[in-house]
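Please look over the structure below before reading on.

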Protein chains: 2
Amino acid sequence: MNIGEAAKLSGVPAKTIRYYDEIDLIKPSGRTAGGYRDYDERAVESLRFVRHARGLGFSVEDCRALLSLYRDRNRASADVKSLTAKHLARIESKIAELESMKRTLQDLTARCQGDDRPDCPILDNLAGPERSRAEARG
Amino acid sequence: MNIGEAAKLSGVPAKTIRYYDEIDLIKPSGRTAGGYRDYDERAVESLRFVRHARGLGFSVEDCRALLSLYRDRNRASADVKSLTAKHLARIESKIAELESMKRTLQDLTARCQGDDRPDCPILDNLAGPERSRAEARG
DNA sequence: CTTGACCTTCCATGAACTGGAAACCTCATC
DNA sequence: GATGAGGTTTCCAGTTCATGGAAGGTCAAG
């Protein structure tokens, strides 16, 4: 099938499918006489697989590894689990980082009047975070 | 002072300071006869300000706006607060997205044996998420 | 044979830097 | 004045994962 249909069936945009071909993540099963990429059901399956993995935040390189495990009948599920655990750890640390930002931002917005006057704890904090809290309290 | 000292005092790498100059975020106060960038205390203050804002996840464009508000004695704190609120909302939605990934990944790793056998709920899920849960239950 | 949809390749862009190469400046020492 | 170390300059490339667009080739229908 043409790239357009593979896109429709897999949910991956044609442009992205070309990109995956370029980086040797998912190659078309062949080319037609006219130079069109040709995809079979197995390729579409891979495209779907990668779409799901990307949706769970796996990097393209992770997807490459996962795809190869997926295609390997002799794989050990431990390898998949370990890859996933590492990814999960990255996600958790990202969440922690964002939560920390969130707390600070919530605290600052709560203390900012948000009126037409210039006084602003948010700017004070950005100008010197080590000082503004103490000042606010003292 | 030279870029190296500005870097030391502000905590922003010299390379990044050059980049901020290039994108007109923070310009050096001048240039020496030899062509070296020259930074004064006010510039260092801006660098610190931007470092803090970046640390809270604000985009460089947000930093540009915040810096201009910081320098504006007639600013309305409402403008700062509104910018911050938008940023906070983006962070919260990012957290929600990551939390959703996290839940799925945790569920999958919990169900994966992680041994030397090929059976793997994680790969099953990636191959077809709409099916694997039902299969697991049914 | 022409239209229109679809496909091709190639190049540019985004976000925010970071690394490295080749050359230049500065200051101290001999 | 030469030399050497260390800081600085500019410019180019690379990172991640696509996405948008231009110029042109292919294909099926009428």
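A polar contact is a pair of N or O atoms within 3.5 Å. In this predicted model, a polar side-chain atom of A:Tyr36 lies 2.8 Å from a base nitrogen of DNA strand D, so the pair falls within that cut-off. A:Lys15 also reaches a base: one of its polar side-chain atoms is 2.4 Å from a base oxygen of DNA strand D. B:Arg37 instead has a polar side-chain atom 2.7 Å from a phosphate oxygen of DNA strand D. Of the elements, α2(A) gives the most, with four residues.

The surroundings of DNA strand D comprise 18 residues, and the closest are A:Lys15, A:Thr16, A:Arg54, B:Tyr36 and B:Arg37. Of the atoms of DNA strand D that come within 4 Å of the protein, 63% belong to sugar and phosphate. Sorted by class, the surface near DNA strand D holds seven nonpolar, six polar and five charged residues.

Side chains of opposite charge can pair when their charged atoms come close. Over all chains, the whole structure contains 22 salt bridges. One of them joins A:Glu45 and A:Arg71, at 2.9 Å from N to O. This pair links distant parts of the chain, 26 residues apart: A:Glu45 is in helix α3 (residues 41-55) of chain A, and A:Arg71 is in the loop between α4 (60-70) and α5 (77-111) of chain A. A:Glu45 counts as partly exposed because its relative accessibility is 29%, and A:Arg71 counts as partly exposed at 27%.

Another salt bridge, between A:Arg111 and A:Asp107, spans 3.6 Å from N to O. Both residues lie in helix α5 of chain A, four residues apart, or about one turn of the helix.

A further salt bridge connects A:Arg117 with A:Asp115, with their closest N and O atoms 2.6 Å apart. Elsewhere, salt bridges with shared partners join A:Asp21, A:Asp24, A:Lys27, A:Arg31 and A:Arg37 into one network.

Terms used:
Residues are numbered from 1 along each chain as its sequence is written. Chains are lettered from A and ligands numbered from 1 in the order in which they are written. This is a predicted model: local features need pLDDT of at least 70, side-chain atom pairs count only at pLDDT 80 or more; totals for chains, interfaces and linings use all residues. Side-chain values use heavy atoms; hydrogens and water are left out. A residue is near a molecule or strand if one of its heavy atoms lies within 4 Å of it. A polar contact is a pair of N or O atoms within 3.5 Å; within protein, one must be able to donate a hydrogen and the other to accept it, and residues adjacent in sequence count only if both atoms are side-chain atoms. Helices (H or I, at least four residues) and strands (E, at least two) are DSSP runs, numbered from the N terminus. Ala, Val, Leu, Ile, Met, Phe, Trp, Tyr, Cys and Pro count as nonpolar, Asp, Glu, Lys and Arg as charged, and the others, Gly among them, as polar. A salt bridge is a side-chain nitrogen of Lys or Arg within 4 Å of a carboxyl oxygen of Asp or Glu. Buried means under 20% relative accessible area, exposed over 50%, partly exposed in between (1.4 Å probe, protein chains only).
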